[in-house]
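Please look through the model below before reading my comments.

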Amino acid sequence: MTLDGHTDAPMSLLCWDKFLLSCSLEKTIKVWGVAGGNFEVTHTHNEEHGLLALCGLNDFGQPVLLCACNDNSVHLYDLPLGRVYFQNGKLETFRLILMFSLVMEPGC
């Protein structure tokens, strides 16, 4: 089975509940659901930078998604796949909780 939906190679896949999440250097996270025996994109989340890796955590009963970006930043999202949020004037499936950058000091 192939996943047709990214315009660049998928960098990371994550199985979460009834969904498959994928990310790519094209700056998107895709949420895939099964319909008629095939995977179909149910939501696309756009980022400012390319995405390298996804990691899901269920911290204290609250699902969160960690996204590593190619600008050395990590984004932490609330991950309620069954709900949507109104954020920045548009509907979003993910709600940004925290964003931070990683800085490497010389000699580390």
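**Notes on the model**

1. Start with H6. Leaving aside neighbours within four places in sequence, H6 is in contact (heavy atoms within 4.5 Å) with S22, C23, S24, E26, T28, K30 and W32. H6 sits in the segment before β1 (10–16). Strands here are DSSP runs of E, at least two residues, and helices are runs of H or I, at least four residues, both numbered from the N terminus. H6 counts as buried because its relative accessibility is 16%. The cut-offs are: buried under 20% relative accessible area, exposed over 50%, partly exposed in between, with a 1.4 Å probe and protein chains only.

2. Which side chains make polar contacts with the side chain of H6? One is S22, at 2.6 Å. Another is T28, at 3.4 Å. A polar contact is a pair of N or O atoms within 3.5 Å; within protein, one must be able to donate a hydrogen and the other to accept it, and residues adjacent in sequence count only if both atoms are side-chain atoms.

3. Provenance. This is a predicted model, in which local features need pLDDT of at least 70 and side-chain atom pairs count only at pLDDT 80 or more, while totals for chains, interfaces and linings use all residues. Residues are numbered from 1 along each chain as its sequence is written, and side-chain values use heavy atoms, with hydrogens and water left out.

4. Confidence. The protein averages a pLDDT (the predictor's confidence in each residue, from 0 to 100) of 77, and 70% of the residues score at least 70. Confidence is highest in strand β2 (residues 19–24), at a mean of 89, and lowest in strand β8 (residues 85–87), at 47. Where pLDDT is low, the predicted coordinates should not be read in detail.

5. Overall layout. The protein has 10 strands and 0 helices. Of its 108 residues, 37% are buried. Among contacts between residues at least 6 apart in sequence, 31% join residues at least 24 apart. The accessible surface comes to about 6700 Å², and carbon and sulfur atoms hold 56% of that. Accessible areas come from the Shrake-Rupley method with a 1.4 Å probe; for residues, only the protein chains shown count as cover.

6. H49 next. H49 lies in the loop between β4 (38–46) and β5 (51–59). Is H49 buried, partly exposed or exposed? H49 counts as partly exposed, because its relative accessibility is 31%. Not counting residues up to four places away in sequence, H49 touches K27, C69, N70 and D71. The side chains of H49 and D71 make a polar contact at 3.1 Å. H49 and C69 are 20 residues apart in sequence, yet 6.1 Å apart from C-alpha to C-alpha.

7. Backbone check. Most residues other than glycine have a negative phi. K27 is not a glycine, but its phi is positive, about 80°. K27 is in the loop between β2 and β3 (28–35) and is partly exposed at 39% relative accessibility. N72, also other than glycine, has a positive phi near 70°. N72 is in the loop between β6 (62–69) and β7 (73–78). With a relative accessible area of 49%, N72 is partly exposed.
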